[in-house]
Amino acid sequence: MLRSVILDFDGTLNTSKRYYARFDELALQILAEQFGCTIPDADRKITEVKRKSLSLTKALLSLNIDSDEFYRKVAEQMDMAYLLDEDLRIEPLISTLRSRNLRVALLTNSGRFLIEKVLTAVKCPSEIFDAVITSSEVDPKPSLQPFRYTANLLGCKPDEALYVGDRVYHELKPAKLVGMKTVLIGNVSKPEETQWVDWQLETVHELPELISTNPSLA
Ligand SMILES: [Mg+2]
């Protein structure tokens, strides 16, 4: 029986290209300062570490960079009013899911300070979620720990939770390894990825229909 829905944020609830272009630019500037090197060199270094660790937050940790501090610096320099439009579809989506007796959590690798700023900018108050979990409190995905932690916090077993995200190896694979069902936002790019994906949707807004029309999610 489905009791909880756990949503990724970047690339799932937020798909603003302008925001991510600026995020990438700022991230490299901050890393270049930190490493004391040029921006192209910082790019090469972080790309290489990310190849192994799969996520930026995990890569920061393996380079001994305080990810909370990193996200705070990014957040301070992001002009959210310019980069993000209010998204009036998010709150009704979360309310619809909660009205079906599902508990809904946001699980992001962003730091707490950045995600709060972004949620305010898109006019999606963090209070509409049953829980918002960030890399300020838990290990970053793809670690299995944040998935188990979130299910526990929501009071359900992993197999009673549906994880929704846009990256297969970074988040759907660990979600599935702990026993959750998974929804990919977007398409699988290789046949071997399908073992980690139960359903695929074009956008997160198709989620209520998927849940209501799927007997195995009843
Ligand atoms: Mg994502």
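Where is the place of Leu-54? Leu-54 sits in the loop between H2 and helix H3 (56–62), helices (H or I, at least four residues) and strands (E, at least two) being DSSP runs numbered from the N terminus. The phi of Leu-54 is near 70°, a positive value in a residue other than glycine. With 36% relative accessibility, Leu-54 counts as partly exposed; buried means under 20% relative accessible area, exposed over 50%, and partly exposed in between (1.4 Å probe, protein chains only).

The model is predicted, with local features requiring pLDDT of at least 70 and side-chain atom pairs counted only at pLDDT 80 or more, while totals for chains, interfaces and linings use all residues. Residues are numbered from 1 along each chain as its sequence is written, and side-chain values use heavy atoms, with hydrogens and water left out.

The chain is divided into domain 1 (4–16 + 85–217) and domain 2 (17–82), with bounds that come from an automatic or database domain assignment. The C-alpha centres of domain 1 and domain 2 lie 23 Å apart. Their contact takes 25 residues from domain 1 and 19 residues from domain 2, contact meaning heavy atoms within 4.5 Å.

The axes of helix H1 (residues 17–35) and helix H2 (residues 39–53) come within 8 Å and cross at roughly 95°. H1 is therefore roughly perpendicular to H2. Axes are lines fitted to C-alpha atoms, for helices over the stretch in contact, and angles run from 0 to 180 degrees between N-to-C directions. Angles under 35 degrees count as roughly parallel, over 145 as roughly antiparallel, 65 to 115 as roughly perpendicular and the rest as oblique. On the H1 side, Leu-28, Gln-29, Leu-31, Ala-32 and Phe-35 meet Ile-39, Ala-42, Asp-43, Lys-45 and Ile-46 of H2.

The largest nonpolar core has 56 residues, of which Leu-7, Phe-23, Phe-70, Phe-129 and Leu-207 touch the most other members. Such a core is a set of buried Ala, Val, Leu, Ile, Met, Phe, Trp, Tyr and Cys residues joined through side-chain atoms within 4.5 Å. H1 supplies the largest share of this core, 8 residues, and at least three residues come from each of domain 1 and domain 2. A second, separate core of 20 residues includes Ala-105, Phe-147, Ala-175 and Val-197. Beyond four places in sequence, the residues touched by Phe-129 include Leu-7, Ile-94, Val-104, Ala-105 and Cys-124.

Helix H9 (residues 168–177) has Val-168, His-170, Glu-171, Leu-172, Pro-174 and Ala-175 as its buried residues. These pack against helix H8 (145–154), strand E4 (161–165) and strand E5 (181–185).

Leu-217 is found in the segment after helix H10 (207–213) and counts as buried, at 3% relative accessibility. Residues up to four places away in sequence not counted, Leu-217 touches Leu-2, Leu-162, Lys-181, Trp-199, Leu-210 and Ile-211. Ser-67, in helix H4 (residues 67–77), counts as buried at 6% relative accessibility.

In the loop between helix H6 (90–99) and strand E2 (103–107) lies Asn-101, with a positive phi near 65°. Asn-101 is exposed, with a relative accessible area of 71%. The peptide bond from Lys-141 to Pro-142 is cis, with omega near 15°, and Pro-142 belongs to the loop between strand E3 (131–133) and H8.
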